[in-house]
Amino acid sequence: MKIQLINPNTSQAMTETIATAARAVAARGTEIIAVCPPQGVPSIEGHFDEAIAAIGVLQRVKQGRETGVDGHIIACFGDPGLLAARELADAPVIGIAEAAMHMATLVATRFSIVTTLPRTLIIARHLLHQYGFERHCAALHAIDLPVLALEDGSGVAQQKVREQCLLAKRQDGSGAIVLGCGGMADLARELTHELAMPVIDGVSAAVKMIESLHGLGLRTSKHGDLDFPLAKPLSGVFSEFN
């Protein structure tokens, strides 16, 4: 099977980090096709960034559908454009925040989230409410560094992720930790071993969910609100969706 892994920002370095984490857990025979939009935002750290990134996600989903991929992953913790992407696709579309939260509830009754900037904590709370997991989340933590600090090579951001995970283990009373950024995908296995508790990366979780849905023969429902978009003429830069 083929899974299209979409990094919604334009960072090639982060795309490679995410792709490596995805391929590490993919089953034999699963091909990970990692892409990012050619234009847009270099990192996603707010509602404005998400709105711009969602267009790039939809462009990539359209391309993936045309080439016959078996599933799409939106590899940003804000899950930008998720429902719109599900309308556009017939193969499953999974957002990494949704995937990580689901997985956390399968191995613990309560989980904590560790993400990047404090402003993104509010977005994570919105997603918890939207997905119905607010009662399962014990606490949210931010390393107070921008997303691209995870790719600067200094290791400072990674150390701050570790520190916040340790803090969450000591203080939150949670049984699992969700990493709240696709750029943290390569840290989950090491932190799971170090903390002796599940530390969940949404990229890896989404890969296994897509593989499971594919194995069950389940695709995105086209009965109801996720049916294909109504045909209507689109103009300007959106004409490619006609």
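How much area do domain 1 and domain 2 bury between them, and what share of it is on carbon and sulfur atoms? Domain 1 and domain 2 bury about 2200 Å² between them, and 64% of that is on carbon and sulfur atoms. Buried area here is the accessible area (1.4 Å probe) that two parts lose on being put together, summed over both. On the domain 1 side, M14, E45 and F77 lose the most area to domain 2, together 34% of what that side buries.

Some ground rules before we go on. This is a predicted model, in which local features need pLDDT of at least 70 and side-chain atom pairs count only at pLDDT 80 or more, while totals for chains, interfaces and linings use all residues. Residues are numbered from 1 along each chain as its sequence is written, and side-chain values use heavy atoms, with hydrogens and water left out.

The protein chain is split into domain 1 (2-95 + 204-238) and domain 2 (97-202), with bounds that come from an automatic or database domain assignment. Their C-alpha centres lie 21 Å apart. Where the two meet, 28 residues of domain 1 are in contact with 32 residues of domain 2, contact meaning heavy atoms within 4.5 Å.

There are also 14 residue pairs in polar contact between domain 1 and domain 2 (both residues at pLDDT 80 or more). A polar contact is a pair of N or O atoms within 3.5 Å; within protein, one must be able to donate a hydrogen and the other to accept it, and residues adjacent in sequence count only if both atoms are side-chain atoms.

Which parts of domain 1 each supply at least two residues of the side that touches domain 2? They are helix 1 (12-25), helix 2 (47-67), helix 3 (82-88), strand 4 (93-95) and helix 8 (202-215). Helix 1 gives the most, with seven residues. Helices (H or I, at least four residues) and strands (E, at least two) are DSSP runs, numbered from the N terminus. By class, this side of domain 1 has 15 nonpolar, eight polar and five charged residues.

**Salt bridges**

Side chains of opposite charge can pair when their charged atoms come close. The rule used here asks for a side-chain nitrogen of Lys or Arg within 4 Å of a carboxyl oxygen of Asp or Glu. It finds five salt bridges in the whole structure, and one across the interface of domain 1 and domain 2.

| Pair | N to O distance |
|---|---|
| E98 and R86 | 2.8 Å |
| E66 and K62 | 2.6 Å |
| R162 and E194 | 2.5 Å |
| K208 and E211 | 2.7 Å |

R162 lies in helix 6 (residues 156-171) and E194 in helix 7 (residues 188-195), so this pair ties together parts that are 32 residues apart in sequence. R162 is partly exposed at 29% relative accessible area, and E194 is partly exposed at 34%. For these labels, buried means under 20% relative accessible area, exposed over 50%, and partly exposed in between (1.4 Å probe, protein chains only).

The next pairs sit within single helices. E66 and K62 are four residues apart in helix 2, about one helical turn; E66 is exposed at 57%, while K62 is partly exposed at 21%. K208 and E211 both lie in helix 8, three residues apart, again about one turn.

Key:
Nonpolar A, V, L, I, M, F, W, Y, C, P; charged D, E, K, R; others polar.
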